[in-house]
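Here is a short note for a colleague who is meeting this structure for the first time. The points below take up its pockets and then its surface.

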Amino acid sequence: MTSIETILLMSVIVIIATAVRAVAGFGGTLVITPAFAIFLNIKFVLPVVLVGSLIGNLYLYLYTYRETDRGTVVLLLWPSLIGIVAGSYLLHVLSSEYLV
């Protein structure tokens with residue numbers, strides 16, 4: 001598969017993931033991550049998807065901040081930060097073959 005075909009296929013994957021998130025409210029990264037891991041190293045895919053997800057979520061938060069229940073955000077933030085630290089550590093110490 002040529003690089004142009006790969007880029008086009010990955011673009012279709014992003015569109016599908018965006019549609020999943022638009023309908024369900026979550027799940028875009030659940031579609032993108034395993035699909036991109038077919039084409040790229042998982043240790044590259046995870047940070048790229050994470051950054052993209054954080055940017056999208058920040059935009060969504062800024063767009064809806066008036067309606068956001070900040071107490072719920074704080075309750076979800078701390079376990080998320082613990083998971084980010086643990087996941088980052090595992091991504092660093094584990095071989096790619098164990099991550100796929």
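**Notes on pockets and surface**

1. In the second largest pocket, helix 3 supplies the largest share of the lining, with six residues. The model is a predicted one, and this pocket holds about 440 Å³ of space. Its lining counts 19 residues, and R21, G28, T29, I32 and S53 are those that lie nearest the centre. Helix 1 (3–24), helix 2 and helix 3 are the elements that give two or more residues to this lining.

2. Sorted by class, the residues that line the second largest pocket are nine nonpolar, nine polar and one charged. The lining of the largest pocket, by comparison, divides into 15 nonpolar, nine polar and no charged residues.

3. The largest pocket has a volume of about 890 Å³, and 24 residues line it, with L50, L54, N57, S80 and I84 lying nearest its centre. Two or more residues of this lining come from each of helix 2 (28–39), helix 3 and helix 4 (70–93), and helix 4 gives the most, with 11 residues.

4. On the surface, a nonpolar patch is formed by L58, Y61, L62, Y65 and V73, which together have about 440 Å² of accessible area. Helix 3, which spans residues 42–64, gives the most to this patch, with three residues.

Terms used
Residues are numbered from 1 along each chain as its sequence is written. This is a predicted model: local features need pLDDT of at least 70, side-chain atom pairs count only at pLDDT 80 or more; totals for chains, interfaces and linings use all residues. Side-chain values use heavy atoms; hydrogens and water are left out. Patches are made of residues with over 30% relative accessible area and no salt bridge: like charges are joined within 9 Å, nonpolar side chains (Val, Leu, Ile, Met, Phe, Trp, Tyr) within 5 Å. Accessible areas come from the Shrake-Rupley method with a 1.4 Å probe; for residues, only the protein chains shown count as cover. A salt bridge is a side-chain nitrogen of Lys or Arg within 4 Å of a carboxyl oxygen of Asp or Glu. Helices (H or I, at least four residues) and strands (E, at least two) are DSSP runs, numbered from the N terminus. On a 1 Å grid over the protein atoms alone, a cavity is a set of points where a 1.4 Å probe fits but cannot get out, and a pocket is an open set with protein on both sides within 12 Å along at least five of seven lines; lining residues have an atom within 4 Å of a point. Grid points are joined across faces, edges and corners, and a volume is the space filled by probe spheres set on the points. Ala, Val, Leu, Ile, Met, Phe, Trp, Tyr, Cys and Pro count as nonpolar, Asp, Glu, Lys and Arg as charged, and the others, Gly among them, as polar.
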